[in-house]
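Q: I have a structure open and would like to talk it through before I set anything up. Could you take my questions one at a time?

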Amino acid sequence: CAALADPRQPGLDDTCLEKLLDWFRSLTWFDPTVELLQDNPCLTELITSVLALPDPSPSILSFSLQLAGILASSESRFQHLQQEKLLGRLFGQEGPRGGAAWEEASVRSAWLKGAHSMVQHQPALHFLCSTGGMDVIFALQGDPSLFVASAASQLLVHMLTFSLESETSKALSAKDSDWPACAQLIVKHIEESLQSSSASHIEQSLKLLSSLFGSCFGNCSAAWTEVLWLNIAKQIESFLLEETVQAQPVLANLLLNVARSPVFCGTEGSFWALVTSALEHLTPVQAGPLAVGLLKLCKCPQDVRIQALTVLLQPMDCILRAASQPLEYAGLLDESVSDPVTVESLLSSKTSCAGLLCQTLAHLEKLLSLKHLRVDLPCVSLLRSLMTILQFCSGLLSPTSPLGSTISRNLINCFRVQKSALDVLAALSEKKDCDTLIGSLFDVLLAYLHSPNTSPTVLKKTFQATSKWLVHLQELSCSNRQQTEKILEDVFLVLQKRLCSPCWEVRDSSLEFLTAMVKCLREQKEFRQCLLSSEVLRLTENLLEDPESYVRASAVTVVGHLAFVACFAPESALIGNQYNKENTVAKLQEILSTDSEGFPRRAVISIFTTWLREGCTGQLQDTEQFVSRVIQTVEHDLDWEVRLGGLEMVEVFCSQTICQLSQCPYAPVSSAVTSSTPQNELLQVFCRAKLFGFLFRSLCDCDKPVGQRACDVLIGLRGHFYPMSTLENPQEIEDSPAGRGIAWLQRTLRQGSLAQNFPTDGGDGVDFQDPESMMLALGAIDLLELHDELNKSSDHVEESPQSLLQDILATVGTIEDNEVDCY
């Protein structure tokens with residue numbers, strides 16, 4: 001405290017001060033008594049010293065304000081600080097709010113945060129109201145600093161909610177006299193601001209109301225919520241009808257937060273009429289967020305829900321109607337909520353067209369992701385509209401109507417709209433009633449896949465949508481087999497072209513698309529035939545040597561999943577493709593041991609683990625040799641994620657081997673069968689595969705996640721080999737030669753990452769390939785203690801008071817400010 005209050009010290013690290021405040025918060029949370037201040041008078045002396053400085057630094061003044069607020073959060077400590085006459089000098093009229101320090105945003109923010117911490121009891125609330133604090137908070141709502149303005153709004157929400165919590169039992173009406181004093185001040189301020197001529201004051205109050213109804217205020221007392229709403233409803237309605245008011249986006253958010261309140265769940269009353277009015281009078285851009293929010297509500301009246309959906313579909317309807325004159329297909333809507341001319345004018349403008357469509361498409365994607373949507377989407381017309389948008393963007397459609405021509409010019413090569421439309425298109429693949437358009441849809445998708453004008457990011461989205469619709473195509477019971485084969489052939493032709501692209505992002509996206517297809521369609525006969533008769537297999541194997549590491553990694557993933565196709569396909573189909581599993585394994589093992597980049601190596605270990613999990617590595621003996629070779633390569637890898645992948649593979653291998661060799665999979669073994677043949681056989685398999693050396697060395701890995709995973713695997717193995725009652729006693733085994741080695745191992749492991757140079761030969765007599773020694777090690781080494789050590793976060797050192805004190809004392813003497821704040 002003396003160091004903090006010393007004005008001669010030039011540098012203070014704000015990170016240390018923030019950590020110190022956090023520590024005080026946790027300290028005072030668990031102990032609300034006044035003893036903290038009585039036993040440590042240096043805390044009040046610090047605040048007194050800072051207040052005595054003629055020109056305290058903003059950082060230490062901010063710290064003092066927040067510290068005082070935290071300390072005053074309990075009533076007894078508040079009274080103590082009042083007796084010391086400190087709170088008035090910090091938060092009252094004689095405090096910093098009248099001086100030069102108030103020019104600093106950090107000081108204003110700290111004043112608000114300190115006040116927020118302090119208002120946890122009625123005396124603090126009365127103190128702020130009686131010392132002019134409310135006027136300060138109201139003024140700070142319009143502060144030029146967004147952080148300060150936000151903190152002021154949050155404090156007002158907290159104060160109003162807190163002041164009402166103790167008044168819920170009183171009789172209620174819309175009269176001001178029923179409100180507690182503090183609540184009356186806030187509500188009066190809101191009402192006056194709403195009626196003022198200042199646009200900024202109106203917007204501040206609307207934002208405050210939105211925060212109020214969006215917070216727990218809307219739930220804590222239905223009566224207060226209704227009273228407040230009745231007081232302001234007429235004013236809100238007038239704002240909707242006045243075109244001069246600029247706060248419409250805030251109005252939409254306010255109405256949505258009010259609608260979420262339990263008070264307005266019913267269908268009665270004037271509130272929903274106001275919501276309907278908002279949907280009519282707000283612009284399509286402003287009404288969109290309100291509409292999608294209403295559609296997510298469970299208890300929104302059905303007529304309001306239909307109107308909200310109509311608002312979202314209006315731009316899509318306009319697109320369809322503009323695409324052809326006379327209208328070839330029915331539009332999405334029978335009638336619109338607001339004047340269609342408004343939407344048409346927005347879509348006709350180059351500046352607003354893309355923005356409106358992107359917002360609409362984002363909202364529609366959200367709705368399609370909902371499991372239970374309480375309105376029916378016209379999916380066929382929506383799909384037709386999406387296809388029209390994509391054709392406008394790529395110049396595939398030349399509309400005859402003047403409006404269509406204008407929209408088409410606005411959208412040509414608009415990547416933002418293309419990506420949004422493709423996202424909704426992919427989401428629509430989940431719907432069952434779009435089958436009649438599937439041929440036309442793939443025409444559009446294939447045109448995008450073929451076009452040289454398709455940007456890499458749009459191409460990636462097109463691939464994602466295509467893979468979703470290919471899965472949907474396969475699921476159709478009435479699908480035309482010839483049509484399916486034709487679509488797949490066209491897809492593989494364009495894929496061959498894209499795999500040879502000079503742009504690495506395109507090659508990478510193509511491989512990701514192929515992986516998605518193989519995962520979903522590998523059991524489909526038509527897919528396998530098209531794949532094996534194309535050049536895709538050869539091109540993919542070539543990309544294992546691509547100069548770009550991301551592409552090599554994606555190629556590894558594809559090649560790994562193609563192994564499953566080789567398993568499913570008839571032998572005759574594979575003869576011409578020379579797909580050889582042994583060659584594939586050899587290539588991937590070479591990448592694992594020689595590739596200079598981490599991404600391909602991570603991909604290899606992930607694929608090997610997938611093979612193991614799916615049972616594609618052969619008999620137990622073959623699998624044992626395979627795993628042994630892989631982990632001997634992996635344990636020397638410099639990339640910790642590769643080593644972690646090796647541990648995941650070991651975990652899968654252990655669980656599968658236990659299942660194969662044990663009588664009852666996953667069950668703990670009783671003491672009667674601990675020495676039985678299956679147990680010995682298991683240990684021998686694990687020792688031959690050299691698992692234990694890898695696992696114990698990984699415990700000392702310099703990257704903590706590797707050590708944690710290794711410890712988890714070893715604890716799992718111990719749980720299988722040892723019932724809880726039969727763990728070895730380290731004292732009893734230390735006399736034997738093997739026991740001395742185990743004792744050395746325990747001491748080494750306790751050094752943690754300091755023991756990174758773990759002897760590879762087993763050192764001091766530990767034979768990691770000896771079943772008896774490993775059985776002993778599993779029973780004697782305290783793996784749970786190691787587990788606790790490995791799972792300790794660095795916070796237990798870095799955020800201790802002693803560490804903070806050392807940090808503060810170390811930085812106080814430095815000339816240079818600590819610019820980098822990692823907290």
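Q: What share of the contacts with a separation of 6 or more comes from residues 24 or more positions apart?
A: Such residues account for 72% of the contacts in that class, where a contact means heavy atoms within 4.5 Å. This is a predicted model, in which local features need pLDDT of at least 70 and side-chain atom pairs count only at pLDDT 80 or more, while totals for chains, interfaces and linings use all residues. Residues are numbered from 1 along each chain as its sequence is written, and side-chain values use heavy atoms, with hydrogens and water left out.

Q: How much of the protein is buried?
A: Of its 823 residues, 52% count as buried, which is to say under 20% relative accessible area, with exposed meaning over 50% and partly exposed in between (1.4 Å probe, protein chains only). The protein exposes about 37,800 Å², and carbon and sulfur atoms supply 51% of that area, computed by the Shrake-Rupley method with a 1.4 Å probe.

Q: Which residues touch the most other members in the largest nonpolar core?
A: They are Trp-229, Leu-294, Phe-686 and Phe-696, in a core of 265 residues. Helix H19, residues 302–323, gives the most to this core, with 12 residues. A nonpolar core here is a set of buried Ala, Val, Leu, Ile, Met, Phe, Trp, Tyr and Cys residues joined through side-chain atoms within 4.5 Å.

Q: Switching to charges, how many salt bridges does the count come to?
A: The count comes to 25, a salt bridge being a side-chain nitrogen of Lys or Arg within 4 Å of a carboxyl oxygen of Asp or Glu. One of them joins Arg-481 and Glu-526, at 3.5 Å from N to O. That pair links distant parts of the chain, with Arg-481 in helix H27 (residues 481–499) and Glu-526 in helix H29 (residues 525–532), 45 residues apart.

Q: Is Arg-481 buried or partly exposed?
A: Arg-481 is partly exposed at 46% relative accessible area, whereas Glu-526 is buried at 14%.

Q: What about Asp-546 and Arg-507, how far is N from O there?
A: Their side chains meet in a salt bridge at 2.8 Å. Asp-546 sits in the loop between helix H30 (536–542) and helix H31 (549–568), and Arg-507 in helix H28 (residues 504–521), 39 residues away in the chain. Both Asp-546 and Arg-507 are buried.

Q: And which residue pairs with Glu-541?
A: Glu-541 forms a salt bridge with Lys-587, their closest N and O atoms being 2.7 Å apart. Glu-541 lies in helix H30 and Lys-587 in helix H33 (residues 581–594), so the bridge ties together parts 46 residues apart in sequence. Glu-541 counts as partly exposed at 23%, and Lys-587 is partly exposed at 34%.

Q: Last topic, how many disulfides does the structure hold?
A: It holds 0 disulfides, with a disulfide defined as a pair of cysteine sulfur atoms within 2.5 Å.

Key
Helix = DSSP H or I, 4+ residues; strand = E, 2+ residues; numbered from the N terminus.
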